[in-house]
Amino acid sequence: TASGPRSYSTLRDEAVKLFNSLQQLESERDPVPLMQGVLQTCLDLPPLVDEIYCQLVKQTTEPPAPGGQGDLHYWQLLTCMSCTFLPSPPILRFLHFHLDRTESRFPASEMAKYACFIREALGKTKGRECVPSLEEILVLMRRQEMICTVHCPGAPACSVAISSHTTAEEVRGWVAQELVSRLGLSQSPNLFALYEQSRRWEHPVGSATLLADVLTRFE
């Protein structure tokens, strides 16, 4: 049983609940909250990560309507999983086989495009502090990037495209280059830092922090 703000029963019971959620996902008109709930349960109960990967591989193998709405919902959740969790090595090998098989059987299809995106994501994912925000899930469903707005003193805000894997250090570097150009600071010895700010507090964001996690906390 997990501790924390959410209450869980046994792993077996939670696995059954997740299986029922996946069955519901196929016909869900707005799948985003359900997807986020599955991701949150996996974050809180890590032993279930491999189980969900296996279930999603099963659901996307020989679907009754390849490329249909229900099938794509499973691929979209698999995409979100790949940007949030790494499965164990045996499951990872099994997943890569599934992705290769899908691209071979359905070239140029939406499923093949998701398979390619997932493979690339798995090569970058190192684990998350938070599950993807609702906004992040929406852009992942479209295999796109999020737009992050960074407010800069003495200059207009900078809009930066980020992925689920973009770190604060990367964004800081991009914004610093933009500020140097805008403000003519090429000879300045000043360093730049990225801060997370709310109405009640302000603190620097660690270099290795994923910006997607920061955005989720604000959500």
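Leucine 77 touches Leu22, Leu25, Met35, Val38, Leu39 and Leu56 when residues up to four places away in sequence are not counted, a contact being defined by heavy atoms within 4.5 Å. The model is predicted, so that local features need pLDDT of at least 70 and side-chain atom pairs count only at pLDDT 80 or more, while totals for chains, interfaces and linings use all residues. Residues are numbered from 1 along each chain as its sequence is written, and side-chain values use heavy atoms, with hydrogens and water left out.

The protein chain contains nine helices and four strands; helices (H or I, at least four residues) and strands (E, at least two) are DSSP runs, numbered from the N terminus. In order from the N terminus, the elements run α-α-α-α-α-α-α-β-β-α-β-β-α. Of the 219 residues in the protein chain, 43% are buried. Here buried means under 20% relative accessible area, exposed over 50%, and partly exposed in between, computed with a 1.4 Å probe on protein chains only. Among the contacts in the protein chain with a separation of 6 or more, 67% are accounted for by residues 24 or more positions apart.

Helix 2 (residues 32-44) and helix 3 (residues 48-59) meet at an angle of about 140°, and their axes are 8 Å apart. Axes are lines fitted to C-alpha atoms, for helices over the stretch in contact, and angles run from 0 to 180 degrees between N-to-C directions. Helix 2 makes the contact through Val38, Thr41 and Cys42, and helix 3 through Leu48, Val49 and Ile52. These residues divide into five nonpolar, one polar and no charged, where Ala, Val, Leu, Ile, Met, Phe, Trp, Tyr, Cys and Pro count as nonpolar, Asp, Glu, Lys and Arg as charged, and the others, Gly among them, as polar.

Helix 4 (residues 69-82) holds cysteine 80, which is buried, with a relative accessible area of 0%. Beyond its neighbours within four places in sequence, cysteine 80 is in contact with Leu39, Ile137 and Leu140. The C-alpha atoms of cysteine 80 and leucine 138 are separated by 9.6 Å, although the two residues are 58 residues apart along the chain.

Glutamate 136 belongs to helix 7 (residues 134-141). Glutamate 136 counts as buried because its relative accessibility is 1%. Its contacts, leaving aside neighbours within four places in sequence, are Arg128, Met146, Ser164, Ala212 and Thr216.

Met146 is also in contact with alanine 161, as are Glu145, Ile147 and Trp174, again leaving aside neighbours within four places in sequence. Alanine 161 lies in strand 2 (residues 155-162) and counts as partly exposed, at 33% relative accessibility.

Most residues other than glycine have a negative phi. Alanine 108, in the loop between helix 5 and helix 6, has a positive phi of about 70° and is exposed, with a relative accessible area of 72%. Arginine 143, in the loop between helix 7 and strand 1, has a positive phi near 55°; at 23% relative accessibility, arginine 143 counts as partly exposed.

The largest pocket has a volume of about 670 Å³. On a 1 Å grid over the protein atoms alone, a pocket is an open set of points where a 1.4 Å probe fits, with protein on both sides within 12 Å along at least five of seven lines, and lining residues have an atom within 4 Å of a point. Grid points are joined across faces, edges and corners, and a volume is the space filled by probe spheres set on the points. The lining has 23 residues, of which Thr149, Val150, His151, Leu194 and Tyr195 lie nearest the centre of the pocket. Strand 1 (146-152), helix 8 (168-183), strand 3 (195-197) and helix 9 (211-218) each give two or more residues, and strand 1 supplies the largest share, six residues. The lining divides into 17 nonpolar, three polar and three charged residues.
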